[in-house]
Amino acid sequence: MSDKVLIYTDGACRGNPGPGGWGAVIIQNSEEIEISGNENATTNNIMEMMAAIKALEYFNKKKNIVLYTDSNYLKLGITSWIKTWKKNNWINSKKEPVKNKAYWLILDKLDGFHNIEWKWVKAHDGNVHNERADNLATKAIL
């Protein structure tokens, strides 16, 4: 596997639920790639997850990735909560079905394929790449 790939992701929503967008900045070998997309009716959490999914799906070969997100929902969900959800047959601590299960299943598969280090970064705190991902997500909203 080649050197580490850095990915910065963000999701945005006008209303929650409402029209949403996602964006990602992928940095590999000093090349920067921007990707983004949107959904007509979605939630902010789904857009956060979709940004990570699309960025990770960008690569069809296994990569060493450091993925930065400003979403605690995404970071804690994929690094911590998912273990318990899978053990409890996708039932959360409130004894309810886990929301957004279909997206979590995709993220779990991608997490198993790539070697990913998930990192949280504070939103709107001057991190250039996080701000770019936020801008891409916001501009992508229909």
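Ala, Val, Leu, Ile, Met, Phe, Trp, Tyr, Cys and Pro count here as nonpolar, Asp, Glu, Lys and Arg as charged, and the others, Gly among them, as polar. By these classes, the lining of the largest pocket has five nonpolar, seven polar and four charged residues. The model is predicted: local features need pLDDT of at least 70, side-chain atom pairs count only at pLDDT 80 or more, and totals for chains, interfaces and linings use all residues. Residues are numbered from 1 along each chain as its sequence is written, and side-chain values use heavy atoms, with hydrogens and water left out.

Stay with the pocket. A pocket is an open set of points, on a 1 Å grid over the protein atoms alone, where a 1.4 Å probe fits, with protein on both sides within 12 Å along at least five of seven lines; lining residues have an atom within 4 Å of a point. The largest one has a volume of about 340 Å³, that is, the space filled by probe spheres set on the points, which are joined across faces, edges and corners. Its lining has 16 residues, and Trp81, Trp85, Asn92, Ser93 and Val98 lie nearest its centre. Helix α2 (residues 72-87) gives the most to this lining, with four residues. Helices (H or I, at least four residues) and strands (E, at least two) are DSSP runs, numbered from the N terminus.

Glycine 77 also sits in α2. It is buried, at 0% relative accessible area; buried means under 20%, exposed over 50%, and partly exposed in between (1.4 Å probe, protein chains only). Beyond its neighbours within four places in sequence, glycine 77 is in contact (heavy atoms within 4.5 Å) with Asn72, Ile82, Trp85 and Trp104.

Now the interior. A nonpolar core is a set of buried Ala, Val, Leu, Ile, Met, Phe, Trp, Tyr and Cys residues joined through side-chain atoms within 4.5 Å. The largest has 31 residues, and Ile7, Leu56, Trp104, Leu107 and Trp118 have the most contacts inside it. Elements that each supply at least two of its residues include β1 (5-13), α1 (44-57) and α3 (101-113). α1 gives the most, with nine residues. A second, separate core of eight residues includes Tyr8, Ile27, Val121 and Ala133.

Finish on strand β1, the place of leucine 6. Leucine 6 is partly exposed, at 28% relative accessible area. Not counting residues up to four places away, it touches Val25, Ile26, Ile27, Val66 and Tyr68.
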